[in-house]
Amino acid sequence: MIKTLRAQGHVVGFMGDGINDVLAMKAADVGISVDTAVDVAKESADIILLEKSLLVLEDGIIEGRKVFGNIIKYIKMGASSNFGNMFSFIGSNFLVPFLPMAPIQLLVQNLLYDTSQIGIPLDHVDPEYLEKPRRWNIRSIRNFMIFIGPISSIFDYTTYFLMLYVYHCSAYGKPGMSAAENSHLERLFQTAWFVESVVTQTLIVHIIRTQRIPFIQSRASKTMIFTTVTVMAAAAWMPYSPVGRLIGLVPLPGTFFLWLALFAVSYSVLTHVVKTWFYRRFGTD
């Protein structure tokens, strides 16, 4: 019976305390026993109850689903972000004659982005996600990465063209430009992409973390809100700080942050639209 139920896609638990229950406990997804059971039954069990109540299992199941949900969030965020950055780096080689971001800047960017995700283990999980057990689905993660990841590249390329043709970084290397002027244009371009990349990728965490409308139907935990807001503020502050100067960042024009706000809102809306379509097309995890 247990094997038949599992073959039909059900998640099956079996509780027993005797030797004759061992095979059934092994065949089930979750074997449950009690502390007064025979040794072989307790060794075969995944869960051993210390109290005479099954209610403790409900709490454990809910917490387990929350942990799994937050793990999937982190994987989707990291995979889609890195996938998008790959396209951005490849394209930049054809657009600018210098590195679009220095290695030390890239390392600091990754440090900030990873710091923003410290709050994920304490984040809320949507109630509908907890209604049924979820299975590891690498195909869903792959498809999510393919459809969501390149969206960030759209706004990375938009930032490239903004810096090249609005803030005149395209003048790099032209006759009459001094070495100092070329260096400033290179650093200005790198700083703009550094700030845009950190702010948009950190903000988008709030869009990816839920299948609902973010900020309205589903809000992140206070810890996650604090870490993401702090990281975005740090990224905007760094070009004007001693730390920023150490890694080659330079102050940005004030009007750049108006463009950045427009990019952040547009990126969030577009990602939510694609995300909603994705879940309707491919289903939830």
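Me: What kind of model is it, and how are residues numbered?
Reply: This is a predicted model, where local features need pLDDT of at least 70, side-chain atom pairs count only at pLDDT 80 or more, and totals for chains, interfaces and linings use all residues. Residues are numbered from 1 along each chain as its sequence is written, and side-chain values use heavy atoms, with hydrogens and water left out.

Me: What percentage of the residues count as buried?
Reply: 46% of the 285 residues of the protein chain. Buried means under 20% relative accessible area, exposed over 50%, and partly exposed in between (1.4 Å probe, protein chains only).

Me: Secondary structure next. How many helices and strands?
Reply: Eleven helices and three strands. Helices (H or I, at least four residues) and strands (E, at least two) are DSSP runs, numbered from the N terminus.

Me: In what order do the elements run?
Reply: From the N terminus on, α-β-α-β-α-β-α-α-α-α-α-α-α-α.

Me: Is the protein chain spread out or compact?
Reply: Spread out: its radius of gyration is 25 Å, well over the 19 Å that the globule rule gives for 285 residues, so the protein chain is more spread out than a compact globule. The radius is taken over C-alpha atoms, and the rule is 2.2 Å times the number of residues to the power 0.38.

Me: What box do the C-alpha atoms fill?
Reply: Roughly 90 × 40 × 30 Å, taken along the principal axes.

Me: And contacts: what percentage join residues at least 24 apart?
Reply: 69%, among contacts between residues at least 6 apart in sequence. Contact means heavy atoms within 4.5 Å.

Me: On to packing. How do you describe two packed helices?
Reply: By the angle between their axes and the distance between the axes.

Me: What are those values for α7 and α9?
Reply: The axes of α7 (residues 179-203) and α9 (residues 222-237) come within 9 Å and cross at roughly 170°. That makes α7 roughly antiparallel to α9. Angles under 35 degrees count as roughly parallel, over 145 as roughly antiparallel, 65 to 115 as roughly perpendicular and the rest as oblique. Axes are lines fitted to C-alpha atoms, for helices over the stretch in contact, and angles run from 0 to 180 degrees between N-to-C directions.

Me: Which residues make the contact?
Reply: On α7, Val195, Val198, Val199, Thr202 and Leu203. On α9, Thr228, Val231, Met232, Ala235 and Ala236. They divide into eight nonpolar, two polar and no charged. Ala, Val, Leu, Ile, Met, Phe, Trp, Tyr, Cys and Pro count as nonpolar, Asp, Glu, Lys and Arg as charged, and the others, Gly among them, as polar.

Me: What does Leu188 touch?
Reply: Met163, Tyr167, Cys169, Val250, Pro251, Leu252 and Pro253, not counting residues up to four places away in sequence. Leu188 and Cys169 are 19 residues apart in sequence and 7.7 Å apart in space, C-alpha to C-alpha.

Me: Where is His168, and what is its phi?
Reply: His168 lies in the loop between α6 (138-165) and α7. Its phi is near 65°, a positive value in a residue other than glycine. At 54% relative accessibility, His168 counts as exposed.

Me: And Phe215, what is phi there?
Reply: Near 70°, again positive in a residue other than glycine. Phe215 is in the loop between α8 (205-208) and α9. Phe215 is partly exposed, at 41%.

Me: Last one. Where does Gly31 lie?
Reply: In strand β2 (residues 30-34). Gly31 counts as buried, at 0% relative accessibility. Leaving aside neighbours within four places in sequence, Gly31 contacts Phe14, Met25, Ala45, Asp46 and Ile47.
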